[in-house]
Amino acid sequence: MPYTRRQVLRLGTATLVVAAAPALPLPALAAAVVTADLVVYGATSAGIAAAVTARRLGRTALIIEPGTHVGGLSTGGLGMTDSGVKAAIGGLAGEFYRRVYGRYNGTPVTPTSPGRFTFEPHVAAAVFDEMLAEAGVPVYLSTRLAGAVRSGNRITELTCDNGQVFRAPMYVDATYEGDLMAAAGVGWTSGREANSVYGETINGVQLRGGHQFNRVVDPYATPGSPASGLLPGISNTPVAPAGSGDARIQAYNFRMCLTQAATRIPFAKPSGYDPIRYEPLARYVQAGYTGPFFTTHAVGGGKTDSNNDGAFSTDFIGANYAYPTASYAARAAIVEEHRVYQQGLMWFLANDPRLPASVRTATAAWGLAPDEFTGNGGWPTQLYIREARRMLSAYVMTEADCRGGRVPADSVGLASYTMDSHNCQRVVVSGALKNEGDVQIGVPQPYPISYRSITPYESQCANLLVPVCLSASHIAYGSIRMEPVFMILAQSAATAAHVAITAGSSVQQVPIAALQARLRADGQLLTWPPTTPGEIIVDSSTSAGVTRAGTWLSSTSVSGYWGTDYEHDDNAGKGVNRLRFTPTIPVTGTYQVFLRWTAHANRASNVPVDVCAGGTVSTRTVDQRAGGGQWNSLGTFTLPAGTSPTGASVLIRTEATNGYVVADAARFVPL
């Protein structure tokens, strides 16, 4: 990472990188015992967000990074941001993406600047470097945690392998692995829970169609001969019942930054290349599969963020089970195995004569970008650790949170990405090769993340926050585990640490209302849609204010709905089916009225909607094939105080409509 305007000091085997004007003087930073208000372990995007937030709040902060890479996946090749609903990304995370936009467009960054969510790794690195430099945050590289010393339920100091000791009243574990959390004695889990543990439906073993072999591929070393044994990487254990739990985790890979430029670095055969690893892919192609073999999402500069795509791709399925709890040396070996596998895959696709010339030619047209990861031959320096340890705390985020079935009151940020688990194992089903574990289920809208899910039980640790390896089930973590969300939660964690230091309290005793007020003041979004003071929402899933005629059916099949579901007329009972939203207006005044629905091609494009305002009816026609998952304005009206369908209501009618009519929710915002 290019640290501009910075000084680099050698501390034995470690490296200290500081801004030209660090928050702490250099002698203090190089001392045997270093003290700050907040010590952050892990220079991921979350670690940077936490430390920068602490500095902006007037606290001293530093980052300890066990490796040499800064910025996590955001600078490690994941330039096609898994953003979900971009408008739900606020605070410092939103600022990061606005700064990226400014870099590409050469424009000053303001709170109203648009964000850019596709970018080259070196651009993200430059933005993080700028933020660290402005905040004066020192970063200790190649500094590994040796132990966490505790007094009662508090961490008093961290000891590191470079001989230094780091002390602070508050700590943040921002690693992808949860190493500080584990060293501090905080409870955690890994693997997949059974559905029965938290009342879920898509956790545990899942044999689905995503990234799946859609042709018969023989799994045996000698085709047709089970006695010959299985090809490498295939489990010899029968597939467990759907929804049962196990210790497996979703696969890792490198997010490659590729280019077709003439200066590209060709795919090289790695030392340790073994073609037998790719025999299932060769058989898959021989069975008629023509690709894709990896993604080529454009991120700028003629480059890609290239990810896993298909049944046999860059994910090294089943090779990471030991990673979460492995030693640093053992993890390095696992990372190296992933490198050899993935580089070998690219060599195989570009060169193996068993593949059609079209596949080889198409692959060889790509290569590594020579101006990215320049100290590593163009290869990413960060493995994509999709999940490792997950904390067990007083609030476990589950599928119910993702789907809107429960809503914690102590929100410290929003997530909105699909519940996304990559495959966890390769198995044999009826003599054919299959992948197991892939789940990709959308969420209806951005949902809040509980403060309790980033704080341990107080009895376990009173001065640690965990915004990355937070408390969540495997399938809920699949939605939360995105870089913008990690930055969001890290900002909230550092803010909570600041409030706790000020009050002299544990992180668990931070007043939620005060914390949320500070977060909102700093641009964090805690509810969706962002609430306006005095707004009134009438939702179809509640009985108050909702009246119906005819037959309306509940559904959750199309995402973007408010509350727990939406209703539709089943494309029947035209003219008979009607649904009215009637609010209770507290004060006579001017209100902007909105309607929400879920969009689909089978919806009606000509839905009549009556807005009743003080005895006057204004009719609008809305197109429910578009505009789904958002509040659509019906106009501004003067509404009288009280609860009266003629005084203030929204009536959805169905006569002469040309498709399904949806009723979800209405919103009334005072002006």
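Me: How do the residues lining the largest cavity divide into nonpolar, polar and charged?

Reply: In this predicted model, the lining of the largest cavity consists of nine nonpolar residues, three polar and one charged.

Me: And what volume does the largest cavity have?

Reply: The volume of the largest cavity is about 70 Å³.

Me: Which residues are closest to its centre?

Reply: Of the 13 residues lining the largest cavity, Ser-83, Ile-89, Ala-415, Ser-416 and Val-485 are the closest to its centre. Two elements give two or more residues to this lining, namely strand 19 (411-415) and helix 12 (483-503).

Me: Which residues line the second largest cavity?

Reply: Its lining is formed by Tyr-176, Tyr-384, Ile-385, Arg-386, Tyr-477, Arg-481, Glu-483 and Phe-486. Five of these residues are nonpolar and three are charged, while none is polar.

Me: Let us turn to pockets. What is the volume of the largest pocket?

Reply: The largest pocket has a volume of about 750 Å³. It is lined by 30 residues, and those nearest its centre are Gly-67, Tyr-323, Val-335, Thr-381 and Gln-382.

Me: Which helix gives the largest share of that lining?

Reply: Helix 8 (residues 328-351) does, with six residues in the lining of the largest pocket.

Me: What is the division into nonpolar, polar and charged for this pocket?

Reply: The lining of the largest pocket has twelve nonpolar, eleven polar and seven charged residues.

Me: A change of topic: what is the strand order in the open sheet of four strands?

Reply: The order is 3-9-8-7, and the pairing is mixed. Strand 3 (33-35) and strand 7 (145-151) are the edge strands, each pairing on one side only. On average, neighbouring strands of this sheet are turned by 25° against each other, with direction ignored.

Me: What holds paired strands together, in general?

Reply: The strands of a sheet pair through backbone hydrogen bonds, in a parallel or an antiparallel manner.

Me: Do strand 8 and strand 9 run parallel or antiparallel?

Reply: Strand 8 (residues 154-160) and strand 9 (residues 165-167) run antiparallel and are joined by two bridges.

Me: Which residue in strand 9 is the bridge partner of Thr-159?

Reply: The bridge partner of Thr-159 in strand 9 is Val-165.

Notes:
Residues numbered from 1 in each chain as written. Predicted model: local features only at pLDDT ≥ 70, side-chain atom pairs only at ≥ 80, totals over all residues. Heavy atoms only, no water. 1 Å grid on protein atoms, 1.4 Å probe; cavity = no way out; pocket = protein on both sides within 12 Å on 5 of 7 lines; lining within 4 Å. Points joined across faces, edges and corners; volume = space filled by probe spheres on them. Nonpolar A, V, L, I, M, F, W, Y, C, P; charged D, E, K, R; others polar. Pairing = 2+ DSSP bridges. Axes fitted to C-alpha atoms, helices over the stretch in contact; angles between N-to-C directions.
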